[in-house]
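Dear colleague,

I am passing on the structure we spoke about, together with an account of what was found in it. Please keep it open beside the text as you read.

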Amino acid sequence: MTVKIKAYSDFICPFCFLGKGPLDEIVKEKDVEVEWMPFELRPSPYSKIDPWKEPDKLRSWDSFILPTAKKLGVDMRLPHVSPHPYTHLAFEGYQFAKEHGKGNEFHHRVFTAFFQEEQNIEDVEVLTKLAGEVGLFKDDFKDALVSRKYREAHQNALKHAYEEAQIMAVPTFIIGDEVIQGLASKERLAQVIDKELKKKKTNEFDGMQCDMNGYC
């Protein structure tokens with residue numbers, strides 16, 4: 001019985017990138033279906049995040065983020081794409097990829113392009129190249145980004161995150177009725193998934209009955 005997980009993240013969020021690892025491991029071991037949901041930490045027209053010019057953010061990177069990455073065995077670096085890019089185009093590309101059956105692959109590739117290769121994921125040419133690498137038709141993908149074909153789909157997804165799901169920070173994982181906010185270990189995710197599986201098995205028998213006419 002498949003457990004569905006909604007994972008809210010932003011491509012410029014380092015803890016979102018780190019949070020992918022444990023979740024990817026769980027996917028290999030349990031019957032789960034992950035749907036990545038967009039959340040923009042700094043949407044346009046707000047000013048872009050520029051950690052290389054903000055001492056507090058650099059200290060946070062050195063003190064918390066990099067040590068956590070090393071502990072988890074994740075190769076990542078603070079990208080010198082400065083200031084950090086807006087992510088709406090990458091998410092519109094994700095909507096295209098999702099519609100064409102490559103959503104998770106594209107999502108992962110954008111993350112690695114930014115945090116491991118320091119590529120500018122706001123650039124249409126860069127995003128188009130990444131789309132081609134996961135098996136999407138580059139011309140169709142580029143046309144969709146240039147024409148903003150998936151702008152409405154992305155805005156609707158953001159509205160859901162902000163207003164319906166009331167996401168306040170990322171990463172956030174919603175598994176059944178449980179909300180996990182922030183970086184979660186594989187063990188923590190497994191615990192919640194197992195709890196949801198047990199609940200589903202129990203609910204499977206709810207409402208079964210026979211009536212006075214002998215119909216069961």
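By class, the residues that line the largest pocket are twelve nonpolar, two polar and two charged. This is a predicted model, and what follows should be read with that in mind. The volume of the largest pocket is about 340 Å³, and of the 16 residues in its lining, Ile12, Pro14, Ile49, Lys57 and Ile65 lie nearest the centre. Two elements, helix H1 (14-29) and helix H2 (55-72), each give two or more residues to this lining, and the largest share, four residues, comes from H2.

A search of the whole structure for cavities of 30 Å³ or more finds one, and the space inside this largest cavity comes to about 50 Å³. Its lining is made up of Asp10, Ile12, Glu40, Leu41, Arg42, Pro43, Lys48, Ile49, His84, Pro85, Tyr86 and Thr87, which by class gives six nonpolar, two polar and four charged residues.

Within H1, lysine 20 may be worth a look on your screen. Is this lysine buried or exposed? Lysine 20 has a relative accessibility of 4%, and because the cut-off for buried is under 20%, lysine 20 counts as buried. Leaving out residues up to four places away in sequence, lysine 20 touches Trp36, His107, His108 and Phe111. Lysine 20 and leucine 183, although 163 residues apart in sequence, are 9.0 Å apart in space when taken from C-alpha to C-alpha.

The loop between helix H4 (103-115) and helix H5 (124-133) holds glutamine 119, which, at 14% relative accessibility, counts as buried. Apart from neighbours within four places in sequence, glutamine 119 is in contact with Val81, Arg109, Ala113, Phe114, Val126, Lys129 and Leu130. Glutamate 118 is found in the loop between H4 and H5 too, and its phi is near 55°, a positive value in a residue other than glycine. With a relative accessible area of 27%, glutamate 118 is partly exposed, whereas glutamine 119 counts as buried.

A positive phi of about 55° is also found at glutamine 166, although this residue is not a glycine. Glutamine 166 has its place in the loop between H7 and E3, and with a relative accessible area of 56% it is exposed.

Lastly, there are cis peptide bonds to point out. Which residues does the one with omega near 15° join? That bond runs from serine 44 to proline 45, and proline 45 is found in the loop between E2 and H2. Serine 82 and proline 83 are likewise joined by a cis peptide bond, with omega at about -5°, and proline 83 lies in the loop between H2 and helix H3 (88-99).

With best wishes

Terms used
Residues are numbered from 1 along each chain as its sequence is written. This is a predicted model: local features need pLDDT of at least 70, side-chain atom pairs count only at pLDDT 80 or more; totals for chains, interfaces and linings use all residues. Side-chain values use heavy atoms; hydrogens and water are left out. On a 1 Å grid over the protein atoms alone, a cavity is a set of points where a 1.4 Å probe fits but cannot get out, and a pocket is an open set with protein on both sides within 12 Å along at least five of seven lines; lining residues have an atom within 4 Å of a point. Grid points are joined across faces, edges and corners, and a volume is the space filled by probe spheres set on the points. Ala, Val, Leu, Ile, Met, Phe, Trp, Tyr, Cys and Pro count as nonpolar, Asp, Glu, Lys and Arg as charged, and the others, Gly among them, as polar. Buried means under 20% relative accessible area, exposed over 50%, partly exposed in between (1.4 Å probe, protein chains only). Contact means heavy atoms within 4.5 Å.
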